[in-house]
Amino acid sequence: MARIFKNKPGFMYSRKSAVFPFTSTRSIETLAFEEARSPSHKPIPDYSAFVLHGLMGSARNWRSFSRNLASSLSTFSPPSDWKMVLVDLRNHGRSAGLPGLNPPHDIPSAANDVANLVKTQGWNWPDVVLGHSMGGKVALQYAMSCARGDYGTSAKLPKQLWVLDSVPGIVNPEETSGEVEKVLETLKGIPKTIPSRKWLVDHLTNIGFSRSLSEWLGTNLKKSGEQETFAFDLDAIIQMFDSYREMDYWPLLEHPPKGMEIVIVRAENSDRWDPHVTQRLERIDGKKGDESEGKVSVVVLPKSGHWVNVDNPKGLLEMVIPKMASIV
């Protein structure tokens, strides 16, 4: 069992006189993670969900959404007690630079890290996994590897898999906006030590990036003496992005494992979706399955671009809450 370092409880989310603790936790042998729990006197919650962020994101991007999700599920009918585990994937957030997270830096390795986290902590396998963007493909890989028995006989498939604005197949660079590639190319040209976050934000906005994107990239900085550096290894981030584009999970969607539902959420205003991809998803969504396989459903999140937890968090919660409550 890995040694665990726990910080003091942070944000206390209150709703209807209930207190929702938020705890930041790190294992030196596995991924860094944070927890948000609905109120309960039980030492172990009834259900758990893992939340996986996107490229150059981190667990904290999903704090508010996860707190609200745990809160809502505790008062939904039937009420249920949930633990939300917000994971910092390899090379991201507080997992960046941790020992033991060795190459290759790709989607299968990132999914294997999640399985190792479950085993190391001695947790029950998650009932639900939600993944945004790159995290969506990590979630798909996790489910596929779990179904194949890659994580051992004790591993259990999640009952639900949420893939949030993440193209499930090979991503053709010619069919994308090229924004991510431009960001990565720009970051390669930035000095390793940066005077301040303000300097970075001003520099990025001056060369044409939006202020919101520039400020979000600034959240990846950490103190290094009097200056700042990026928390992540840029070369490893690029390897993960390349793997994201190359991995193909259409076969999993065509034949989902029995007992699991995969929900693909496509943001209405997202620039990630080519028409032939959406048409293929519609065919899968309309296909009548049998009891030997799981289920795939496709939903569109209105009034949202790619950043679903920022653009329309209320709408996303309204989609997720009833379905998660249905497994209780």
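Reply: Start with Ser109. Leaving aside residues up to four places away in sequence, Ser109 touches Arg90 and Pro104. Keep in mind that this is a predicted model. Ser109 sits in helix α2, which covers residues 107-121. Is Ser109 buried or exposed? Ser109 is buried, because its relative accessible area is 14% and the cut-off for buried is under 20%.

Now follow the contact to Pro104. Pro104 is in the loop between β6 and α2. The peptide bond that joins Pro103 to Pro104 is cis, with omega about 5°. There is another cis bond to look at. Ser77 and Pro78 are also joined by a cis peptide bond, and omega there is about 0°. Pro78 belongs to the loop between α1 and β6. Why pick these bonds out? Most peptide bonds are trans, and most residues other than glycine have a negative phi.

Phi brings up two further residues. Met56 has a phi near 60°, a positive value in a residue that is not glycine. Met56 is placed in the loop between β5 (47-52) and α1. Met56 counts as buried because its relative accessible area is 4%, against a cut-off of under 20%. Asp165 is not a glycine either, yet its phi is positive, at about 50°. Find Asp165 in the loop between β8 (160-164) and α4. With 0% relative accessibility, Asp165 counts as buried.

The largest nonpolar core holds 67 residues. Which of them touch the most other members? They are Phe50, Met56, Leu253 and Ile262. Take Leu253. Not counting residues up to four places away in sequence, Leu253 touches Leu140, Pro168, Ile262, Ile264, Leu281, Ile284 and Val296. Another core lies apart from the largest one. This other core has 30 residues, among them Trp62, Leu130, Trp162 and Met319. In soluble globular proteins, nonpolar side chains tend to be buried together.

Return to the loop that holds Pro78, between α1 and β6. Asp81 is in the loop between α1 (63-75) and β6 (82-87). Asp81 forms a salt bridge with Arg37, and their closest N and O atoms are 3.5 Å apart. Arg37 is in strand β4 (residues 32-37), 44 residues from Asp81, so this pair links distant parts of the chain. Both Arg37 and Asp81 are buried.

The whole structure has 16 salt bridges. In one, the side chains of Lys198 and Asp202 meet at 2.7 Å, N to O. Lys198 and Asp202 are four residues apart in helix α5 (residues 197-206), which means about one helical turn separates them. Lys198 is exposed, with a relative accessible area of 59%. Asp202 counts as partly exposed, at 24% relative accessibility.

The other is in helix α11. There the side chains of Glu318 and Lys314 meet in a salt bridge of 2.6 Å, N to O. Glu318 and Lys314 are four residues apart in helix α11 (residues 313-325), so about one helical turn lies between them. Glu318 is partly exposed, with a relative accessible area of 48%. Lys314 counts as exposed, at 58%.

Last, the empty space inside. Rolling a probe the size of a water molecule over the atoms shows where empty space is left. How many cavities of 30 Å³ or more are there? There is one. The volume of the largest cavity is about 310 Å³. It is lined by 22 residues, and those closest to its centre are Ser133, Val180, Phe241, Arg272 and His306. Helix α4 gives the largest share, four residues. By class, the lining has 12 nonpolar, five polar and five charged residues.

Key. Residues are numbered from 1 along each chain as its sequence is written. This is a predicted model: local features need pLDDT of at least 70, side-chain atom pairs count only at pLDDT 80 or more; totals for chains, interfaces and linings use all residues. Side-chain values use heavy atoms; hydrogens and water are left out. On a 1 Å grid over the protein atoms alone, a cavity is a set of points where a 1.4 Å probe fits but cannot get out, and a pocket is an open set with protein on both sides within 12 Å along at least five of seven lines; lining residues have an atom within 4 Å of a point. Grid points are joined across faces, edges and corners, and a volume is the space filled by probe spheres set on the points. Helices (H or I, at least four residues) and strands (E, at least two) are DSSP runs, numbered from the N terminus. Ala, Val, Leu, Ile, Met, Phe, Trp, Tyr, Cys and Pro count as nonpolar, Asp, Glu, Lys and Arg as charged, and the others, Gly among them, as polar. A nonpolar core is a set of buried Ala, Val, Leu, Ile, Met, Phe, Trp, Tyr and Cys residues joined through side-chain atoms within 4.5 Å. Buried means under 20% relative accessible area, exposed over 50%, partly exposed in between (1.4 Å probe, protein chains only). Contact means heavy atoms within 4.5 Å. A salt bridge is a side-chain nitrogen of Lys or Arg within 4 Å of a carboxyl oxygen of Asp or Glu.
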